[in-house]
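Good morning, and thank you for coming.

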Amino acid sequence: MAWAWLYPLSGFGTRAGSASETRSRAALLRRVARALEAARRGDCGCVLLRLQLGGVDTLLEAHGEKFVETALSVVAERLRRLVRAEDLVARTGAAEFAVLAQEVDGPMRVAGEAIARRIAGSLTRPYGVDGVRFELGLRLGIAGFPDDADDAAGLLLGASQALHAARRSDGDTWRFAAPIPAVRRPRG
(Lines give C-alpha, C1' and ligand atoms only; values in the text may rest on other atoms or scores of the structure.)
Protein backbone atom coordinates (compact mmCIF):
# COMPACT_ATOMS: atom_id res chain seq x y z
CA MET A 1 0.00 0.00 0.00
CA ALA A 2 1.56 3.27 -1.10
CA TRP A 3 -0.56 5.49 1.12
CA ALA A 4 -1.45 4.79 4.70
CA TRP A 5 -2.77 6.81 7.60
CA LEU A 6 -1.19 5.33 10.65
CA TYR A 7 -2.71 8.02 12.84
CA PRO A 8 -6.36 8.97 12.41
CA LEU A 9 -7.15 12.45 11.14
CA SER A 10 -9.62 12.91 13.96
CA GLY A 11 -6.90 12.25 16.52
CA PHE A 12 -5.55 15.82 16.59
CA GLY A 13 -6.05 16.18 20.31
CA THR A 14 -4.78 12.69 21.18
CA ARG A 15 -2.18 12.70 23.92
CA ALA A 16 1.30 11.27 23.38
CA GLY A 17 1.57 7.68 24.48
CA SER A 18 -2.03 6.86 23.62
CA ALA A 19 -3.11 3.43 22.37
CA SER A 20 -3.61 4.93 18.89
CA GLU A 21 -0.04 6.25 18.85
CA THR A 22 1.32 2.89 20.05
CA ARG A 23 -0.55 1.04 17.27
CA SER A 24 0.67 3.60 14.73
CA ARG A 25 4.29 3.17 15.75
CA ALA A 26 3.98 -0.64 15.62
CA ALA A 27 2.42 -0.47 12.14
CA LEU A 28 5.17 1.86 10.93
CA LEU A 29 7.86 -0.45 12.35
CA ARG A 30 6.33 -3.43 10.52
CA ARG A 31 6.29 -1.50 7.23
CA VAL A 32 9.87 -0.33 7.70
CA ALA A 33 11.00 -3.88 8.58
CA ARG A 34 9.44 -5.23 5.36
CA ALA A 35 11.10 -2.47 3.34
CA LEU A 36 14.49 -3.27 4.88
CA GLU A 37 14.08 -6.96 4.05
CA ALA A 38 13.35 -6.04 0.43
CA ALA A 39 16.31 -3.65 0.39
CA ARG A 40 18.64 -6.39 1.62
CA ARG A 41 17.39 -8.77 -1.08
CA GLY A 42 17.64 -6.08 -3.76
CA ASP A 43 21.00 -4.71 -2.61
CA CYS A 44 19.62 -1.18 -2.24
CA GLY A 45 18.66 1.12 0.61
CA CYS A 46 15.78 2.97 2.24
CA VAL A 47 15.43 6.50 3.55
CA LEU A 48 13.06 7.38 6.40
CA LEU A 49 12.08 11.00 6.94
CA ARG A 50 10.18 12.20 10.01
CA LEU A 51 8.40 15.52 9.44
CA GLN A 52 6.96 17.95 11.94
CA LEU A 53 4.81 20.85 10.80
CA GLY A 54 5.09 24.18 12.58
CA GLY A 55 2.21 26.60 13.04
CA VAL A 56 -0.54 24.00 13.41
CA ASP A 57 -1.28 25.05 17.00
CA THR A 58 -1.83 28.63 15.82
CA LEU A 59 -4.30 27.38 13.19
CA LEU A 60 -6.07 25.29 15.83
CA GLU A 61 -6.49 28.29 18.13
CA ALA A 62 -7.67 30.57 15.33
CA HIS A 63 -9.88 28.22 13.30
CA GLY A 64 -10.63 25.07 15.30
CA GLU A 65 -10.06 21.35 15.00
CA LYS A 66 -12.25 20.78 11.92
CA PHE A 67 -10.27 23.38 9.95
CA VAL A 68 -6.96 21.85 11.09
CA GLU A 69 -8.09 18.38 10.01
CA THR A 70 -9.00 19.75 6.59
CA ALA A 71 -5.70 21.63 6.37
CA LEU A 72 -3.71 18.52 7.29
CA SER A 73 -5.57 16.57 4.61
CA VAL A 74 -4.41 19.16 2.09
CA VAL A 75 -0.85 18.89 3.43
CA ALA A 76 -1.02 15.09 3.21
CA GLU A 77 -2.24 15.19 -0.39
CA ARG A 78 0.55 17.57 -1.34
CA LEU A 79 3.05 15.27 0.37
CA ARG A 80 1.65 12.15 -1.28
CA ARG A 81 2.09 13.72 -4.73
CA LEU A 82 5.80 14.28 -4.03
CA VAL A 83 6.73 10.63 -3.57
CA ARG A 84 6.75 7.54 -5.75
CA ALA A 85 3.87 5.05 -5.68
CA GLU A 86 6.01 2.45 -3.88
CA ASP A 87 6.91 4.86 -1.07
CA LEU A 88 4.97 5.16 2.18
CA VAL A 89 3.46 8.38 3.49
CA ALA A 90 1.98 8.13 6.97
CA ARG A 91 0.59 10.55 9.49
CA THR A 92 2.31 9.56 12.70
CA GLY A 93 1.14 12.28 15.09
CA ALA A 94 -1.01 15.36 15.40
CA ALA A 95 1.24 17.44 13.11
CA GLU A 96 3.78 14.78 12.15
CA PHE A 97 4.28 12.59 9.13
CA ALA A 98 6.74 9.95 8.03
CA VAL A 99 7.94 9.22 4.51
CA LEU A 100 9.64 5.93 3.75
CA ALA A 101 11.45 5.97 0.41
CA GLN A 102 12.07 2.38 -0.60
CA GLU A 103 14.46 0.79 -3.08
CA VAL A 104 16.86 3.73 -3.06
CA ASP A 105 20.16 3.45 -4.94
CA GLY A 106 23.29 5.46 -4.31
CA PRO A 107 24.40 7.28 -1.18
CA MET A 108 21.55 7.49 1.34
CA ARG A 109 22.42 11.02 2.48
CA VAL A 110 22.32 12.32 -1.07
CA ALA A 111 18.95 10.64 -1.64
CA GLY A 112 17.64 11.82 1.74
CA GLU A 113 18.66 15.41 1.09
CA ALA A 114 17.07 15.37 -2.38
CA ILE A 115 13.80 14.11 -0.92
CA ALA A 116 13.97 16.64 1.94
CA ARG A 117 14.53 19.51 -0.51
CA ARG A 118 11.55 18.43 -2.62
CA ILE A 119 9.30 18.09 0.45
CA ALA A 120 10.43 21.37 2.02
CA GLY A 121 10.01 23.22 -1.27
CA SER A 122 6.42 22.07 -1.53
CA LEU A 123 5.12 21.93 2.03
CA THR A 124 6.38 25.39 3.01
CA ARG A 125 4.58 27.07 0.09
CA PRO A 126 1.36 28.92 1.08
CA TYR A 127 -1.89 26.99 1.44
CA GLY A 128 -5.46 28.08 0.85
CA VAL A 129 -8.16 26.19 2.74
CA ASP A 130 -11.75 27.37 3.10
CA GLY A 131 -10.76 30.89 2.05
CA VAL A 132 -7.94 31.08 4.62
CA ARG A 133 -4.34 31.51 3.42
CA PHE A 134 -1.57 30.27 5.68
CA GLU A 135 1.95 28.91 5.71
CA LEU A 136 3.43 26.13 7.79
CA GLY A 137 6.93 25.58 9.08
CA LEU A 138 8.71 22.28 8.59
CA ARG A 139 11.39 20.37 10.41
CA LEU A 140 12.70 17.02 9.16
CA GLY A 141 14.80 14.20 10.54
CA ILE A 142 16.44 11.86 8.03
CA ALA A 143 17.89 8.37 8.48
CA GLY A 144 19.07 5.93 5.82
CA PHE A 145 19.51 2.18 5.67
CA PRO A 146 22.12 0.73 5.71
CA ASP A 147 24.24 3.78 6.63
CA ASP A 148 22.46 5.00 9.76
CA ALA A 149 20.75 1.84 11.05
CA ASP A 150 20.68 -1.88 10.47
CA ASP A 151 17.09 -2.60 11.55
CA ALA A 152 13.65 -0.99 11.55
CA ALA A 153 13.75 0.19 15.17
CA GLY A 154 17.18 1.74 14.63
CA LEU A 155 16.03 3.53 11.48
CA LEU A 156 12.97 4.96 13.24
CA LEU A 157 15.09 5.96 16.23
CA GLY A 158 17.70 7.62 14.01
CA ALA A 159 15.08 9.63 12.11
CA SER A 160 13.39 10.59 15.39
CA GLN A 161 16.67 11.74 16.95
CA ALA A 162 17.49 13.72 13.81
CA LEU A 163 14.03 15.35 13.97
CA HIS A 164 14.67 16.22 17.62
CA ALA A 165 17.95 17.90 16.59
CA ALA A 166 16.11 19.82 13.84
CA ARG A 167 13.55 21.03 16.41
CA ARG A 168 16.36 22.69 18.36
CA SER A 169 17.28 24.77 15.29
CA ASP A 170 15.68 27.99 14.15
CA GLY A 171 13.58 28.02 11.00
CA ASP A 172 12.72 25.31 8.54
CA THR A 173 15.51 22.77 8.49
CA TRP A 174 16.49 19.12 8.43
CA ARG A 175 19.06 17.04 10.21
CA PHE A 176 20.59 13.64 9.51
CA ALA A 177 20.85 10.71 11.89
CA ALA A 178 24.25 9.83 13.25
CA PRO A 179 25.78 7.09 11.07
CA ILE A 180 26.43 3.64 12.51
CA PRO A 181 30.03 3.61 13.72
CA ALA A 182 32.32 1.39 11.68
CA VAL A 183 33.15 -1.84 13.45
CA ARG A 184 36.86 -2.37 13.88
CA ARG A 185 37.94 -5.94 13.51
CA PRO A 186 41.06 -7.08 15.33
CA ARG A 187 44.05 -7.79 13.14
CA GLY A 188 45.61 -11.16 12.97
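Let me start with a question: does Asp43 count as buried or exposed? Asp43 counts as exposed, because its relative accessibility is 70%; here exposed means over 50% relative accessible area, buried under 20%, and partly exposed in between, with a 1.4 Å probe and protein chains only.

Before going further, a word on provenance. This is a predicted model, in which local features need pLDDT of at least 70 and side-chain atom pairs count only at pLDDT 80 or more, while totals for chains, interfaces and linings use all residues. Residues are numbered from 1 along each chain as its sequence is written, and side-chain values use heavy atoms, with hydrogens and water left out.

Asp43 lies in the loop between helix 1 (19–42) and strand 1. Helices (H or I, at least four residues) and strands (E, at least two) are DSSP runs, numbered from the N terminus. Although Asp43 is not a glycine, its phi is positive, at about 55 degrees. Asp130 also has a positive phi, near 50 degrees, and is a residue other than glycine. It is located in the loop between strand 4 and strand 5 (132–134), and it counts as exposed because its relative accessibility is 64%.

The peptide bond from Phe145 to Pro146 is cis, with omega near 15 degrees. Pro146 sits in the loop between strand 6 and helix 5 (152–167). For context, most residues other than glycine have a negative phi, and most peptide bonds are trans.

I turn now to Thr173, in strand 7 (residues 173–176). Thr173 counts as buried because its relative accessibility is 14%. Its side chain makes a polar contact with that of Arg175, at 2.9 Å; such a contact is a pair of N or O atoms within 3.5 Å, where within protein one must be able to donate a hydrogen and the other to accept it, and residues adjacent in sequence count only if both atoms are side-chain atoms. Leaving aside residues up to four places away in sequence, Thr173 touches Leu138, Arg139, Leu140 and Ala166, contact meaning heavy atoms within 4.5 Å.

Finally, the cores. A nonpolar core is a set of buried Ala, Val, Leu, Ile, Met, Phe, Trp, Tyr and Cys residues joined through side-chain atoms within 4.5 Å. The largest has 36 residues, and Leu79 is among those with the most contacts inside it. Helix 3 gives the most to this core, with eight residues. Apart from it lies another core, of 20 residues, including Leu28 and Leu155.
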